[in-house]
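Subject: Structure handover

Hello,

Here is the structure you asked for. Please open it alongside the sequence, then read the notes below.

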Amino acid sequence: MFPTTNLKSFMLSFLMLGVLFSCKNEAKTATNPTQDNAGTEEVEKQGQAFIEDDGSTPNVLQIAIGSPDHTTLVAAVQAAELENALVNAGPLMVFAPTNEAFAALPEGTVEDLLKPENKAALANILKYHVTAGNYSKEFLMKFKKLGQANDQNVTVEVVGDDVLVGGAKILASVPAGNGIVHVVDKVILPPTE
């Protein structure tokens, strides 16, 4: 049998553990904003992409979100869960296809890519539109190819005053806090091997 002092010590330790665990559970219950009164949970998006910041230069994701011509691109980024990747410090060059560019794909392509089971394929296509760096359209004229975020290369061509990246013409460029957004007229599809 335990001596009385060891038993008291053991009981006191056990009581302290109980108090600590109950405090921890109360804190989780009191501060968990994802639970409603019915006990159901909703998914809370986390990460740097979901922090509101009205004081700094918009990042590449915020520029796309604010553009009425890029709603399909934003929906695709959200479906692929790449929001946080587009708000990192960069610098990033995003070749952003317009809604018209997505609409020019064969019928049903966008809807099919937005399905959860095609998340990896969608992410691969979207990463093929992102390059490390912050180069103007004019500076891009010096390149023959770029290494994209999906670990594949895309060709760069100059036709007159136009710069084509993977066959997509740069229509406009918007500086961002973490890089630059080049608006393009086509969805750039990675080569299949």
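First, a term: a polar contact is a pair of N or O atoms within 3.5 Å; within protein, one must be able to donate a hydrogen and the other to accept it, and residues adjacent in sequence count only if both atoms are side-chain atoms.

Some ground rules. This is a predicted model, where local features need pLDDT of at least 70, side-chain atom pairs count only at pLDDT 80 or more, and totals for chains, interfaces and linings use all residues. Residues are numbered from 1 along each chain as its sequence is written, and side-chain values use heavy atoms, with hydrogens and water left out.

Start with N178. It sits in the loop between β6 (168-176) and β7 (179-184). Helices (H or I, at least four residues) and strands (E, at least two) are DSSP runs, numbered from the N terminus. N178 is buried, at 5% relative accessible area. Buried means under 20%, exposed over 50%, and partly exposed in between (1.4 Å probe, protein chains only). The N178 side chain reaches two backbone atoms: the nitrogen of V60 at 2.9 Å and the oxygen of N88, also at 2.9 Å. Beyond its neighbours within four places in sequence, N178 contacts residues including N59, L86, V87 and P91. Contact here means heavy atoms within 4.5 Å.

Next, helix α3, residues 71-79. Its buried residues are L73, V74, A76 and V77. They lie on the same side of α3, because they cover an arc of only 160 degrees around the axis. That arc is taken from the directions from the helix axis to the C-beta atoms. Their cover includes α2 (60-65), β1 (92-97), α4 (99-103) and α6 (119-127).

T71 also lies in α3. It is partly exposed, at 47% relative accessibility. Its side chain makes a polar contact with the side chain of N99, at 3.0 Å.

Finally, two backbone angles to check. Most residues other than glycine have a negative phi. E81, which follows α3, has a positive phi near 55 degrees. E81 is in the loop between α3 and β1 and is exposed, at 55% relative accessible area. D151 is not a glycine either, and its phi is positive, about 70 degrees. D151 is in the loop between β3 (145-147) and β4 (153-159). D151 is exposed, with a relative accessible area of 77%.

Best wishes
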